[in-house]
Amino acid sequence: MKSRSESLIRLKKFQVDEKRRQVAQIEMMIADFERMASELDQQIEIEHTKTGISDVAHFAYSTFAKAALTRRDNLLNSANDMKGKLEAAQDALAEALEDLKKVELLDQREHQREATEQLKVEQAEYDEIGRLRFSQR
């Protein structure tokens with residue numbers, strides 16, 4: 001029984017670790033997308049300053065700035081999509097942690113039950129020794 005519960009605990013810990021890695025990976029992706037979008041914002045501002053035109057509808061608006069705006073918007077949309085995935089991954093992590101705690105509690109209760117049973121056996125042995133000593137008097 002011990003090896004089964006220990007194996008189950010190891011499995012649950014592995015699942016928790018895997019969920020943590022997924023959450024961290026998604027958080028890194030979101031941060032990267034937001035960082036790249038911020039860099040594009042800076043490049044767009046530089047282009048606006050350089051050309052003197054910041055109106056996207058203007059006929060002489062920079063094609064580089066238009067392309068950078070599109071890329072920035074795509075990155076921000078991707079970051080928002082990843083935020084939804086992040087919430088799902090965090091929920092999965094919380095569920096995996098709950099499962100691990102349940103298994104650990106069950107294992108702890110089993111150990112306590114075994115210890116209690118062992119104490120009962122020892123007490124019965126001591127009682128028997130006491131009865132034998134008392135009967136020999």
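## Salt bridges

The structure, a predicted model, contains 11 salt bridges. Among them are the pairs described below, which involve Arg21, Asp32 and Arg72.

## Pairs in helix 1

Helix 1 covers residues 2–51. Within helix 1, Arg21 and Glu18 are three residues apart, so about one helical turn separates them. These two residues form a salt bridge whose closest N and O atoms are 2.9 Å apart. Arg21 is partly exposed, at 44% relative accessibility, and Glu18 is also partly exposed, with a relative accessible area of 30%.

Asp32 and Arg35 are likewise three residues apart in helix 1, about one turn of the helix. Their salt bridge has its closest N and O atoms 3.9 Å apart. Asp32 counts as partly exposed at 37% relative accessibility, and Arg35 counts as partly exposed at 41%. The pair belongs to a network of salt bridges that links Asp32, Arg35 and Glu39.

## The Arg72 and Asp73 pair

Arg72 forms a salt bridge with Asp73, and the closest N and O atoms of this pair are 3.0 Å apart. Arg72 has a relative accessible area of 18%; the cut-off for buried is under 20%, so Arg72 counts as buried. Asp73, with a relative accessible area of 36%, is partly exposed.

## A negative surface patch

Glu87, Asp91, Glu95 and Glu98 form a negative surface patch. Of these residues, Asp91 lies in helix 2, which runs over residues 63–136. Asp91 has a relative accessible area of 55%; exposed means over 50%, so Asp91 falls in the exposed class.

## Overall form

The secondary structure of the protein consists of two helices and zero strands. The radius of gyration is 32 Å, whereas the globule rule gives 14 Å for 137 residues; the value is well over the rule, so the protein is more spread out than a compact globule.

Along the principal axes, the C-alpha atoms fill a box of roughly 115 × 20 × 15 Å. Of the 137 residues in the protein, 22% are buried.

Definitions and conventions. Residues numbered from 1 in each chain as written. Predicted model: local features only at pLDDT ≥ 70, side-chain atom pairs only at ≥ 80, totals over all residues. Heavy atoms only, no water. Patch = residues over 30% accessible without salt bridge, like charges linked within 9 Å, V, L, I, M, F, W, Y side chains within 5 Å. Areas by Shrake-Rupley, 256 points an atom, 1.4 Å probe, with all protein chains shown as cover. Salt bridge = Lys/Arg side-chain N within 4 Å of Asp/Glu carboxyl O. Lys, Arg positive; Asp, Glu negative; His and termini not counted. Charge placed at Lys NZ, Arg CZ, Asp CG, Glu CD. Helix = DSSP H or I, 4+ residues; strand = E, 2+ residues; numbered from the N terminus. Buried < 20%, exposed > 50% of the residue type's maximum accessible area, 1.4 Å probe, protein only. Rg over C-alpha atoms; globule rule 2.2 N^0.38 Å.
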